[in-house]
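Reader: I would like to learn how to read a structure like this one. Can we go through it step by step?

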Amino acid sequence: MNAADQRPSPDMRVRLGTLELRNPVMTASGTFGSGREFSDFVDLERLGAVVTKGVSMEPWPGNDSPRIAETASGMLNSIGLQNPGVERFVERDLAWLRTLDVPVVVNVSGHSTGEYARVIERIEQAGGADAYEVNISCPNVDAGGMVFGTACGPASEVTRSCRAATQRPLIVKLSPNVTDVVEIAKAVASEGADAVALINTLLGMAIDAESRRPKLARVVGGLSGPAIKPIALRMVWQVAAALDIPVVGMGGITTAEDAVEFMLAGASGVAIGTANFVDPTTTLRVIDGLTTWCRERDVARVADLIGALET
Amino acid sequence: MTGEAHTHPRSHPPVLESTPVVVNDRVAEGIGLLVLDAPLVATHVQPGQFVHLRVAEGTDFILRRPFSVHRVVGGRIEILYQVLGRGTRQMSELEQGDVIDVVGPLGNGWTLPDDASHALLVAGGLGAAPLGMWAERLAERGVAVSVAQGAPYSERLVARELFERVARRVEIATDDGSAGERGFVTGPAERLIRSGEVEVVFACGPERMQQAVANLAAAAGIPCQVSLERLMACGIGACLSCVVSTTEGLKRACVDGPVFDASTIKWESSEVPPKH
């Protein structure tokens, strides 16, 4: 055992409103299924929270294939929120997740303002989740998703409607595909969001020069992975500075050091997304690395890192 | 096909294994054979299952690449790959002693219908890869094996020796006629299916070839399984990148396949070949 290991373990707990997490490391919606898919590799009860794949009222078929394309230091996806609908989600995924000792954040999608609230109401009837993440930022659907997240009016409206549907913590997931992310963040905060999560993917495209065809069937898709980290850090920093509510930061996090950077920028929680595909144990690696990072630098509480950027 | 043949009991859960490269040889123009020392995966992998390889680590972000296991020899797994894009180019540069990590075994492999005693394997190009271990397994189980194999030219007939060793009969087609008959593998496949001798067909290769073989098998009233290739990110059922249209809705190639009962597949009209 080296000297560092003998120092006291840091307090890894963080809070998102009334939701207490045992550590800041969450999963990014859509990259982790319902959690079950990763359970051969990850003890889910070690995570700060499991954030599920987006769920809508009715089943959604998603987009045509190909749905992904690898790009420089990242990837594009245009899955299109394929999901089996809230009934199947409640009976199969939520029921299973509830057997575990881990906070469950259900990511909620809708084609209309009303649909978001109805999904939450249905889950509340079934006993509820620990928190809801409202997805107003998916770039891969024509109706719903990002349509609600790129202007203050619709973003406020969806948040208000969801707020009326539950007392539980409400996290609104923001799109980076906007002129001013701070103004959207303020709009959802003023409607009662308990936290914001950012960033969702950046709208992009990839082309195969030889075939002169787009690499994605839907032509455009959402860019994720290390390529977007600098943009995500900048947006987290801007939003955290402007808002009084907690921020969940994500975008290209692959290592514990990435997570530290997001927390310094102002994130109270962090989410691992695309990195789960490359190494299914990334979440655990980041939790362990973050703990070690704090211990080695005598950071007593990981929460002390939140917004501790020195400028 | 019997009901049992449709249901795949869950095989051994996948593991994450660090595997040293034992051999990485060029076996034909643009085709490599990677042999990994992977005792855990080797113990549990079933014919037709695949592994997800992290072909490069550290310097740059790169998704894992899925490859079916061609053969298992002792604690080693053999992977045949074609150099087509960034990931497979990285693979071709791996050297003996390099360590890469492997997730596997993944997916559902081939299933032998209970009463089948004579199987036809149809291999188009690198489609021979997932059929190598299956041919060996069938022969061990006393099932008669016929093979129809096709490739652009004779050097590209990967695993031909393996097929010739275990199969009762191997019929070859090449695009240029440098081995066997000139033409597509569907030629010999059609004759073998129509011979009335084979009771089940297992096919892997270009999707249009698989579709053609599936149609021939269906016309002859013979069950057929195909192994489909899709671009894949997670490989464990979470990301929904690799979906396949079936009569039972969208299925994931990674966990519901890659082997499917061909009669359930809704073939896509315009195939965009994966290049990864």
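Author: Start with one pair. A:Asn77 stands opposite A:Gly222 in S14(A). Strands are DSSP runs of E with at least two residues, and helices are runs of H or I with at least four, numbered from the N terminus. Two strands pair if DSSP finds at least two bridges between them.

Reader: What kind of model is this, and how are the names set?

Author: It is a predicted model: local features need pLDDT of at least 70, side-chain atom pairs count only at pLDDT 80 or more, and totals for chains, interfaces and linings use all residues. Residues are numbered from 1 along each chain as its sequence is written, while chains are lettered from A and ligands numbered from 1 in the order in which they are written.

Reader: In which sense do S6(A) and strand S14 of chain A pair?

Author: Antiparallel, over three bridges; S14 spans residues 220–224. S6(A) also pairs with strand S5 (residues 68–71) of chain A, in the antiparallel sense over four bridges. There, A:Asn77 is the bridge partner of A:Ile68. S5(A) and S6(A) form a hairpin with two residues between them. In the turn, A:Ser73 has a positive phi of about 50°.

Reader: Which way do the residues of strand S6 of chain A point?

Author: A:Gly74 and A:Leu76 point one way, A:Met75 and A:Asn77 the other way, and all are buried. Buried means 20 or more other C-beta atoms within 10 Å of the residue's own; exposed means 12 or fewer, and partly exposed is in between, with C-beta atoms placed from the backbone.

Reader: How does A:Phe41 count?

Author: A:Phe41 has 19 C-beta neighbours inside 10 Å, so it counts as partly exposed. A:Phe41 lies in the loop between S3 and S4 of chain A. Leaving out residues up to four places away in sequence, A:Phe41 touches A:Pro280, A:Thr281 and B:Leu16. Contact means C-beta atoms, placed from the backbone, within 7 Å.

Reader: What is the order of the open sheet in chain A?

Author: The order of its eight strands is S3-S16-S15-S10-S9-S8-S7-S4, with parallel pairing. An edge strand pairs on one side only; here these are S3 (25–27) and S4 (50–51) of chain A. Within the sheet, three bridges join strand S10 (residues 195–198) to strand S15 (residues 247–250) of chain A. A:Ala197 stands opposite A:Val248 in S15(A).

Reader: Which helix lies across S10 and S15 of chain A?

Author: Helix H6 (residues 229–242) of chain A, running at about 170° to S15(A). Axes are lines fitted to C-alpha atoms, for helices over the stretch in contact, and angles run from 0 to 180 degrees between N-to-C directions.

Reader: How many residues does helix H4 of chain A have?

Author: H4 (residues 152–165) of chain A has 14 residues. Its first and last C-alpha atoms are 20 Å apart, close to the 20 Å expected at 1.5 Å a residue. The expected span is 1.5 Å times one less than the number of residues. The buried residues of H4(A) pack against H3, S8, strand S9 (170–173) and helix H5 (181–190) of chain A.

Reader: How many residues of chain B are in contact with chain A?

Author: 22 residues of chain B are in contact with 27 residues of chain A. The chain B side divides into 16 nonpolar, two polar and four charged. Ala, Val, Leu, Ile, Met, Phe, Trp, Tyr, Cys and Pro count as nonpolar, Asp, Glu, Lys and Arg as charged, and the others, Gly among them, as polar.

Notes: Contact = placed C-beta atoms within 7 Å.
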